[in-house]
Amino acid sequence: MRKLRRTRKQRRMRMQRLAVFSVLAGLLLLTALFAEQLCPYDPYMQDYGSVLSAPSPAHPFGTDRFGRDMLSRVIAGARTSIFSTLVLVGIISVSGTAAGVLCAYFGKWTDAVVMRIADVCLAFPGLVFALAVSAVLGGGTGTAVIALAAVSWPKYARLARSRTLEIMSSDYLAAARLAGDAPGQMIVRHILPNIAGQILVTAVLDMGTMMMELSALSFLGLGARIPTAEWGSMMSGGRSMLQTYPWVVLAPGSAIFVTVAVFNLFGDALRDCLEP
Amino acid sequence: MKRYIIRRLLSLIPVLFGITFLSFALMHAAGSDAVLQSMDASGITLSREVIDARRAELGLDRPFLVQYFSWLGGVLTGDMGVSYVSGRDVFSTFISKLPATFLLAGASILLTVVISLPLGILSAVRQNRFTDWLIRGCSFVGNSLPNFFTALLLIYLLAICIPVFPVISEGIGVRSAFLPALTLATAMSSRYLMQVRTAVLDELGKDYVAGERARGIRFSATLWKSVLRSCMTSLFTLLALSVGSLLGGTAVVESVFLWDGVGKLAVDAVNMRDYPVVQAYVVWTALVYTAVNLITDISYHFLDPRIRLEGGRR
């Protein structure tokens, strides 16, 4: 009885934690969505009257070397960074899951070929993909997203594949097969609902990692193009001024840190609720 | 066992082929070659005929597959062509950057063990007390910091505010290796100390710990002798997997600290569109990745009798 009460309390605490972090994550998404309305200044407007001014009431995060307001750039950067991360995670989780489920379901040749391709992609440096994609399509955030998608989907494919194999050997799936369900029906009705939770948790926990990887590519000059407000490239631009004007680096850096932290906490809370 | 190793080795061949082929195809699709690059570099516009003649001279007019196989043949004999930018031999340039990357990898693994092992054990022993919360908090912060931000923060704190270490590396040495190694170790320890904590907690819950306590053996003796040994294995497995990414050269950290290793070479080559060097980097990462995977698989095979049994039955 006491144990039961405790688990109930634990569950309530978990739900509360999930609620808090989903609100925080939601706030970040809203910031990204309404970035234009939230910026106090135009993030691209150069003002040579106030170049590299320290944080003040007028410019809470200071200004950069072109006199652009850092707060506005950080907010505008939220849109670039968070949206591109969402797109990236969406692409890899959907395509990876599809590949994994199909491999497990059809086996044999499909499985062997797709999994070898996955091995190749896993061993391929994302940096080099980014180079090749940027040479063909031109640079930009899209380049970094494509490059990272190409090397990150195998993780989901492997997860989905092993889970599907597990489910395929279960009795209820044999029953469904006996009942005469078509392959498509089996996948949509019985397999996908069973692995969706795990994939979702992995995807949310991946948000932080992927955001860091995307901004790292931008930091190296292979992601967002120069004037675009993006956290990684803002840090790269300010890195030589670290000694005298630290806010140019600290503002976007803290933005990445806070966003990654919120998504990690949200993912943890979600996992605790979905997979107790 | 022997059959298992042979099978694993054979399954690597298509992967290595795939990686080299993919990188070659990507560079081909990127659409620039040695002749155009040298033309861009020298700033002289050449006529169509001269470009074609030079291409024929270098064998760049041959079909794509022929070029791929002749390049692959070169790779096997240690000939990867010359750099578009410096004009030097790619293979020897690449080899000359390896020691720096090895040093950095070694230093950061050493630091990771030194940081994550004691903290992980401490955190497990003091479970749910203040120390545990503090350590877990730090680990969470470390997990949410991107490498380049950690690097810049460490530079700001330990090289600018308190000038203890050089901002950028002054040659390849232990003093210059410290900050980049600490950057890498921060990220790795944050992850590993939680794993060590879990492993130790698992071990502490086992019956023999209670048994030893009942027999009056001091807790510290149990901890250091039995528990530590069992979690060392799990830590080393994790480290083995990290070695792969470290030896691939940690592009971001090496280029922030201007550490003259493989990763920085790759970033520079990528920014300059120096394709032969990029190719060499791809081959290297592919080799490291497959080798590390192979070694971990085989060592699992040796270490864990359950897996060995399964392999033997097949």
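Axes of helices are lines fitted to C-alpha atoms over the stretch in contact, and angles run from 0 to 180 degrees between N-to-C directions. The structure described here is a predicted model.

**Chain A**

The secondary structure of chain A consists of 10 helices and zero strands. Its C-alpha atoms fill a box of roughly 75 × 60 × 30 Å along the principal axes. Of the 276 residues of chain A, 44% count as buried. Among contacts in chain A between residues at least 6 apart in sequence, 70% join residues at least 24 apart.

**The interface of chains A and B**

In the model, 32 residues of chain A are in contact with 37 residues of chain B. The following elements of chain A each give two or more residues to the side that touches chain B.

| Element of chain A | Residues |
|---|---|
| α4 | 108–123 |
| α5 | 126–137 |
| α8 | 183–219 |
| α10 | 247–274 |

Helix α10(A) gives the most to this side, with seven residues. By class, the side of chain A that touches chain B has 23 nonpolar, six polar and three charged residues.

**A helix pair in chain B**

Helix α7 (residues 147–161) of chain B packs against helix α8 (residues 174–204) of chain B at an angle of about 130°, and their axes are 9 Å apart. Because of this angle, α7(B) is oblique to α8(B). The crossing of α7(B) and α8(B) is right-handed. Among the residues that make the contact are Leu154(B) and Leu158(B) of α7(B), together with Leu179(B) and Leu182(B) of α8(B). The residues of this contact divide into eight nonpolar, four polar and no charged.

Technical notes. Residues are numbered from 1 along each chain as its sequence is written. Chains are lettered from A and ligands numbered from 1 in the order in which they are written. This is a predicted model: local features need pLDDT of at least 70, side-chain atom pairs count only at pLDDT 80 or more; totals for chains, interfaces and linings use all residues. Helices (H or I, at least four residues) and strands (E, at least two) are DSSP runs, numbered from the N terminus. Angles under 35 degrees count as roughly parallel, over 145 as roughly antiparallel, 65 to 115 as roughly perpendicular and the rest as oblique. A crossing is left-handed if the near helix is turned anticlockwise from the far one by less than a right angle, and right-handed if clockwise. Two residues are in contact if their C-beta atoms, placed from the backbone, lie within 7 Å. Ala, Val, Leu, Ile, Met, Phe, Trp, Tyr, Cys and Pro count as nonpolar, Asp, Glu, Lys and Arg as charged, and the others, Gly among them, as polar. A residue is buried if 20 or more other C-beta atoms lie within 10 Å of its own, exposed if 12 or fewer, and partly exposed in between; C-beta atoms are placed from the backbone.
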